[in-house]
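Open the model in your viewer and keep the selection tool ready. This tour goes stop by stop, telling you what to select and what is there.

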Amino acid sequence: MSLGEHTSDSAPFFSSDSEAEGPEDQGGPAAQQEEVSASGVSRVRAVLTVFILCYINLLNYMDRFTVAGVLPDIEHDFKIDDGKSGLLQTVFICSYMFLAPVFGYLGDRYNRKYIMSVGIGFWSLVTLASSYTPKEHFWVLLLTRGLVGVGEASYSTIAPTIIADLYVKGKRTNMLSIFYFAIPVGSGLGYIVGSQVSNLMKDWHWALRVTPGLGLVAVLLLLFVVQEPKRGAVEARPEHHLHQTSWLMDLHALSRNRSFVLSTFGFTAVAFVTGSLALWAPTFLYRAGVFTGEKAPCTEAHCASSDSLIFGIITCVTGVLGVASGVQVSRQLRKKTPRADPLVCAAGLMLSAPFLYLAIVFAQASTIATYVFIFLGETFLSMNWAIVADILLYVVVPTRRSTAEALQIVISHLLGDAGSPYLIGVVSDSLRKTDSFLWQFRSLQLSLLLCSFVAVVGGAFFLATALFIETDRNRAENHVATDDEPIVVPKSGRSTRVPVSSVLI
């Protein structure tokens, strides 16, 4: 049977029940057995694998935002301004971003669970080391936070591709949704655990000592429970049918994939906004409270524990609501248009923009109104997470997915949250006329308004994605290696690149 006859197995992951059914939908024992034998992983082991990956994803984001939960304490301890505070997130994102292509290349070619195990083990040890940074050496904290990105890059580029190789169609949608629930929930727990552990121990350093032990547990689960699935086999396109091309050829093909490129720029806007809010929102809310007289100025540690706690709870709840509603709206809209995914992403970003603007503006007048608008803005913003991941996976062939994940990470972080926390901090410092409580609040307020503008631009990119999504999806589903697409073939113990036509019999 030709590759073109398997398009139903490779259909978009938000397919409605009314669409043509593939083997998975037919529900018979034979069909289920084919899926298991194709992936090489049993049904129970596959479910365990997804939940272990979700657990690790939760830890990753929990660790990433623990620093934001205790940022006022860190600023007070190291005597640093907003610009240097923003660097804590920027150095992490930069190392994470630049190493993502390396792990993407490795993930498309070697055993993925071993790559993740080494990276997560390294991340756990470096995070623990960062908690012993003395107050005289802020650069050490910057260095260790940068090294944390090494471990996270090894995981984030690879984990979604494992899920893609375990499930297809509706099941893949559900599993990816569970996986991406861990992002907002982990982020919220980072604020909550960081601030509350710091408050309990009377020392912010202890906030960084929670996730390393849990990370080592994750390594053991990866090594002894997770089983490496066969790439593309569950889509009736096993690896020996999908030729492995060179890295440069992969990059060339991805650069011509308009849906991938445009959705990546749209997701860059999401990263910019979430990166800015993630680091600065608790601090901004605390300064608003000081400005309005609701809170006392910071003279000791635990400056913003209550704000971090509330913002963490909001992040958890809005993340779950946003991801779930995004999936459901897209599924229903697919019955009317095959362009549902990018349209839902565009709507989410454009609806979040006015609510984030109102949250920032109302901070000086009403704390309750500010939290309500933050809740609505983050809910709409979170609608993108699972859908963007699905778009990438169904417009890119299986043998290029890790590379595509890595490339998307590089672009979205390079132009998004790698620089946005630092940019917001620098703009805040430049606008501040005096060091009064008024200008500490006002300057940060004005700089955060940039987020609303970026959200609208991101929505425009997703609208552009909708113009090409059908063509690129069909091309990926029916991909066949052509004569001008070289593949890697062993030759005398070494690899050489030759045209497909020269090895076909």
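**Before you start**

This is a predicted model, in which local features need pLDDT of at least 70, side-chain atom pairs count only at pLDDT 80 or more, and totals for chains, interfaces and linings use all residues. Residues are numbered from 1 along each chain as its sequence is written, and side-chain values use heavy atoms, with hydrogens and water left out.

**Stop 1: the whole chain**

Show the cartoon. The protein chain has 22 helices and two strands. These are DSSP runs numbered from the N terminus: helices are H or I with at least four residues, strands are E with at least two. Of the 505 residues, 57% count as buried. Buried means under 20% relative accessible area, exposed over 50%, and partly exposed in between, with a 1.4 Å probe and protein chains only. Now think about contacts, meaning heavy atoms within 4.5 Å. Among contacts between residues at least 6 apart in sequence, 84% join residues at least 24 apart.

**Stop 2: helix α11**

Select residues 211–224. The 14 residues of α11 should span 20 Å at 1.5 Å a residue, and the end C-alpha atoms are 20 Å apart, which agrees. The expected span is 1.5 Å times one less than the number of residues. Which residues of α11 are buried? They are T211, P212, G215, A218, V219 and L222. They cover an arc of only 105° around the axis, which puts them on the same side of α11. The arc is that of the directions from the helix axis to the C-beta atoms.

**Stop 3: T133 in its loop**

Select T133, in the loop between α7 (112–130) and α8 (138–156). Is T133 buried or exposed? T133 is buried, with a relative accessible area of 3%. A polar atom of the T133 side chain lies 2.8 Å from the backbone oxygen of S130. Not counting residues up to four places away in sequence, T133 touches F78, V140, L141 and H205.

**Stop 4: R209 and two rings**

Select R209, Y132 and W206. The charged end of R209 sits over the ring of Y132, 4.3 Å from its centre. R209 also lies over the face of W206, at 4.5 Å from the ring centre. A charge sits over a ring if NZ of Lys or CZ of Arg is within 6 Å of the ring centre and within 35 degrees of the ring normal.

**Stop 5: aromatic pairs**

Rings of Phe, Tyr and Trp (its six-membered ring) pair if their centres lie within 6.5 Å; planes under 30 degrees apart count as stacked, over 60 as edge-to-face and the rest as tilted. By this rule the count comes to eight aromatic pairs. Select Y191 and F311. Their ring centres are 5.0 Å apart and their planes are at 80°, so the pair is edge-to-face. The pair links distant parts of the chain: Y191 is in α10 (residues 169–201) and F311 in α14 (residues 305–333), 120 residues apart. Both Y191 and F311 are buried.

Next, select F284 and F441. This aromatic pair is stacked, at 5.5 Å centre to centre and 20° between the planes. F284 belongs to α13 (residues 258–292) and F441 to α20 (residues 437–448), 157 residues apart. F284 is buried, and so is F441. Then select F355, F362, F373 and F380, which ring pairs link into a cluster.

**Stop 6: helices α20 and α21**

Stay with α20. Its 12 residues reach 17 Å from first C-alpha to last, close to the 16 Å expected. Among its buried residues are Q440, L444 and L448. What covers the buried residues of α20 includes α13, α15 (340–361), α19 (420–431) and α21.

Move on to α21. It has 16 residues and reaches 23 Å, close to the 22 Å expected. Its buried residues include C451, V454, G458 and F462. Seen down the axis of α21, the buried residues fall within an arc of 160°, so they line one face of the helix. They pack against α13, α15, α17 (385–395), α20 and α22.

**Stop 7: F468**

Finish at F468, in the loop between α21 (450–465) and α22 (469–477). F468 is partly exposed, with a relative accessible area of 23%. Not counting residues up to four places away in sequence, F468 touches R258, S259 and L262. The C-alpha atoms of F468 and S259 are separated by 5.8 Å, though the residues are 209 apart along the chain.

Conventions:
Polar contact = N/O pair within 3.5 Å; in protein donor to acceptor, adjacent residues only side chain to side chain.
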